[in-house]
Structure formats: C-alpha cells, structure tokens
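Visitor: Could you pick one part of this model and take me through it closely? I would like to begin with a single residue and then move on to other places worth a look.

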Amino acid sequence: MNVLIVLAHPEPQSFNGALFDTAVSTLHEAGHHVATSDLYRMGFNPVSGRHNFTTVKDPAFLKLQVEESHASETHGFALDIEAELQKLEAADVMIWQFPLWWFGLPAILKGWVDRVFAMGRVYGYGHIYDTGRFRDKRALLSLTTGGPAEAYVPGGFNGDLDAILRPIHRGMLQFTGFSVLQPAVHWQPAHVEPAARQDWLDAWAERLRHIEQEAPIEVGQY
Ligand SMILES: Cc1cc2nc3c(=O)[nH]c(=O)nc-3n(C[C@H](O)[C@H](O)[C@H](O)COP(=O)(O)OP(=O)(O)OC[C@H]3O[C@@H](n4cnc5c(N)ncnc54)[C@H](O)[C@@H]3O)c2cc1C
C-alpha cells in the first residue's frame, strides 16, 4: 500500500512530531511505501497566487479555478504543487498529522489544500463526492488538542468535535472522493504523564499495523 503522511507542526520534538515519526516507522516496517510531506521542514508556501502555475490562461484577471483547469490540461503546475499532486495521486491512504488550531487546520496545511487540491486535476467536471477522482482512497485525520475531551462533546464548552471536523471530512476529503477513517484524537498531550504519551504512541502504532483492513466511517450532516 502507498501511504502519504502530511505533517503540519513547526517543532519536530513535539508530540505531533512523535506521532508522525511513529507512523512513518510503523507503516514502513509493515511493508508499506511511505511518502511524507513535512510542510514546515519543506518550507511549503501555503499562499495561493500566479506562482501556483507555469502556464497562464488569462493574464488580465486571476481566477484560480480557471488557471487550475488550464494547468491541469497543459501540465502547467509549479514544481512544488506538481510534486504534492503526484504524492496524492499515488496514495492509497493519506494521513494528516496536525494540532487543532482555532478549531481547524494550521494555516500551512489549509494552504496546502488550497494550492494542491486543484480544479481539474483533483476535483470538478463531474468528479466530486462519490464520483471523486480519489474514490478508491482513504484518509485519516490524526490530531492533538489543547482542550480536554469533555469540552468537545455536544453541550460541552467547545462543542462536538465531529461537527468541528466536518468541514475537513466533508468539504475537503469526501468532496474529492476520499473515504474517511475514524479520526485519531490525542487530547491535551501536554497535560499527561510521559508514560501515558508512550502508551498513546504504542496504541497509534498498533492501529496503523492494521490500517489496511480498517473500514470508513459515516460523516454526519449536522
Ligand atoms: C495557534 C494555536 C491555536 C490553537 N487552537 C486550539 C483550539 O482551537 N483548540 C484546542 O483544543 N487547542 C488549540 N491549541 C492548542 C494546541 O492544539 C495544542 O497545544 C497541541 O495540539 C498540542 O500538541 P503538540 O504536539 O504541540 O504538543 P507538545 O506540547 O509539543 O507535546 C506535548 C508533550 O509531549 C512530549 N513528547 C514529544 N515527543 C514525545 C515522545 N516521543 N514520547 C512522549 N512524549 C513526547 C513533549 O515533550 C511535550 O512535553 C492551539 C494552539 C495554537 C498555537
């Protein structure tokens, strides 16, 4: 199986870094081919613009989806985006490893989606949801929080985590055809004992050893 792991954390020694390292080594040892996009270490530019493309459809007015469609037809993506597109297209399973920031993705990962999930090559022209180009692929969000689990339930002070993740699960992953696996959530890693964190890393590795057999979840409508 080909696995793509995308990491969005500025500190390699963070718990996110440990979850990422665990995933890379576990999946590699299980015989899978592992590609990575460690966005901070790559210096990935998350800001969209004309630099997304080597081609120009309309020099007078920048409409990103028009330029994306044109680039899809003419091999016109900038090298950094083309490299990410090829990793995405090769992946059977994609894992995003990130801390929850402002109830969402860190900007560097949101910008990766903005630039790489391009109209034409990734979605559109009849290819969304069940007819999405990535309908044979699965995706898994692996995230950490600063808040406690009991804050992220219906009626909790932050509200239901499933609802918070829905724009990602439904609007980015299922929209492009991915089936969604149960998210891996590690609550408040900065507030538990080191032994508990080690147990979490061991459990994460054990889950990943069987990921090939894991069935997708339903994403609620809310
Ligand atoms: C801009 C911003 C917005 C935020 N918004 C939200 C929000 O909306 N909701 C929310 O809940 N939180 C929010 N937070 C908090 C954030 O989600 C947490 O700080 C983050 O998820 C914690 O994960 P970490 O990897 O950064 O932890 P770290 O603090 O890096 O790690 C925790 C501990 O794990 C240790 N560790 C590292 N490697 C290992 C290892 N191999 N084995 C054992 N221990 C290890 C580290 O040394 C550290 O002591 C926000 C934070 C920021 C900066």
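Guide: Let's start with Ser37, which, leaving aside its neighbours within four places in sequence, is in contact (heavy atoms within 4.5 Å) with Leu4, Ile5, Val6, Leu7, Met42, Glu84 and Lys87. Ser37 belongs to strand E2, residues 33-38; strands (E, at least two residues) and helices (H or I, at least four) are DSSP runs numbered from the N terminus. Because its relative accessibility is 0%, Ser37 counts as buried; that label means under 20% relative accessible area, with exposed over 50% and partly exposed in between (1.4 Å probe, protein chains only).

A word on the basis of all this: the model is predicted, so local features need pLDDT of at least 70 and side-chain atom pairs count only at pLDDT 80 or more, while totals for chains, interfaces and linings use all residues. Residues are numbered from 1 along each chain as its sequence is written, and side-chain values use heavy atoms, with hydrogens and water left out.

From there, turn to strand E4, residues 138-144: 7 of its 7 residues are buried, so the rest of the structure largely encloses E4. On one side sit Arg138, Leu140, Ser142 and Thr144, on the other Ala139, Leu141 and Leu143, and all are buried. Strand E3 (residues 93-99) runs parallel to E4 and is joined to it by 7 bridges; pairing requires at least two DSSP bridges between two strands. Within that pair, Phe98 stands opposite Leu143 of E4.

Thr144 also leads us to the ligand, being among the closest of the 20 residues that surround the ligand, along with His9, Asn16, Trp102 and Tyr152; a residue is near if one of its heavy atoms lies within 4 Å. By class, this shell has 11 nonpolar, 8 polar and 1 charged residues. Helix H1 (15-29) and helix H7 (194-209) each supply at least two of the shell residues, and H1 gives the largest share, 3 residues.

A polar side-chain atom of His9 is 2.7 Å from a ligand oxygen, a backbone N or O atom of Phe103 lies 2.8 Å from an oxygen of the ligand, and a polar backbone atom of Thr145 is 3.4 Å from a ligand oxygen. The protein covers 64% of the 1000 Å² of accessible area that the ligand has on its own, by the Shrake-Rupley method with a 1.4 Å probe.

Methods: A polar contact is a pair of N or O atoms within 3.5 Å; within protein, one must be able to donate a hydrogen and the other to accept it, and residues adjacent in sequence count only if both atoms are side-chain atoms. Ala, Val, Leu, Ile, Met, Phe, Trp, Tyr, Cys and Pro count as nonpolar, Asp, Glu, Lys and Arg as charged, and the others, Gly among them, as polar.
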